[in-house]
Amino acid sequence: MSFTAQILTLYPEMFPGPLGHSLAGRALAEGKWACDPIHIRDFATDRHRTVDDTPAGGGAGMVLRVDILARAVDHALEKRPDLPVIAMTPRGAPVTQKRVRQLAAGPGATLLCGRFEGFDERIFETRAVEQLSMGDIILSGGEMGALMLLDACVRLLPGVMGAASSGDEESFESGLLEYPHYTRPALWEGRTIPEVLRSGDHAKIAAWRKQRAEDDTRLRRPDLWERHIGVRDQPPSGAQRESKD
């Protein structure tokens, strides 16, 4: 069975959207993954198909109603009980490439897209819904985050990228930013491709790329660098036990 994305949204017409093009679009046409948007308003019970209400305690904006969200989530789980349910929300844990790889290795995901001021908190207290954030930014809704997450997953599916190793050295795969790239022309506006990359010496090229990845990560993303050196410097579990003993 192909990777399946169920998307609970107020705007089903946004899917597959950009994922209908390029690598993801080709993979969709080839049946490597499936896109199944589900309209949250279909689970409203009044004639106006109302899905939101004012926030308890007062305040600006509107909140998605828990009874309607629960019906939508339960419907998705009835269709595909094997898929994890993930809510796209800035209150969630930051998504990582490790989590993306875990999802891409599974049967797919049901993505719950928020709107307005967000979700009634009780949906997380009563349903197994993982909360993920695509970064420290606020979007108009969860749909753009869902598109980003799906793109990250779909490109890792077998046969989607041209070569299975295409993504191995990209940013975040090793905990570092990726090294810089160059291509022809060798000389452009007085700037040349670094000599080591034109040397043909694969060992020197690998060493240069490793050094640049480390330098750029340390300068541009000190948070990633701190995590990287923390993991790198951890002794093996056996050594830890011996030191404690």
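Visitor: Where does Gly114 lie?

Guide: Gly114 lies in the loop between strand 6 and helix 4 (122-126). Helices (H or I, at least four residues) and strands (E, at least two) are DSSP runs, numbered from the N terminus. This is a predicted model, where local features need pLDDT of at least 70, side-chain atom pairs count only at pLDDT 80 or more, and totals for chains, interfaces and linings use all residues. Residues are numbered from 1 along each chain as its sequence is written, and side-chain values use heavy atoms, with hydrogens and water left out.

Visitor: Is Gly114 buried or exposed?

Guide: Buried means under 20% relative accessible area, exposed over 50%, partly exposed in between (1.4 Å probe, protein chains only). Gly114 has 8%, so Gly114 is buried.

Visitor: What is Gly114 in contact with?

Guide: Contact means heavy atoms within 4.5 Å. Leave aside neighbours within four places in sequence; the partners of Gly114 are then Leu64, Met88, Phe119, Gly141, Gly142 and Glu143.

Visitor: How do strands of a sheet pair?

Guide: They pair through backbone hydrogen bonds, either parallel or antiparallel. Two strands count as paired if DSSP finds at least two bridges between them. Here 5 strands form an open sheet, in the order 2-1-6-5-7, with parallel pairing. Strand 2 (33-39) and strand 7 (129-133) are the edge strands, each pairing on one side only.

Visitor: How many bridges join strand 1 to strand 6?

Guide: There are 5 bridges between strand 1 (residues 3-9) and strand 6 (residues 108-113). In strand 6, Ala109 stands opposite Ala5.
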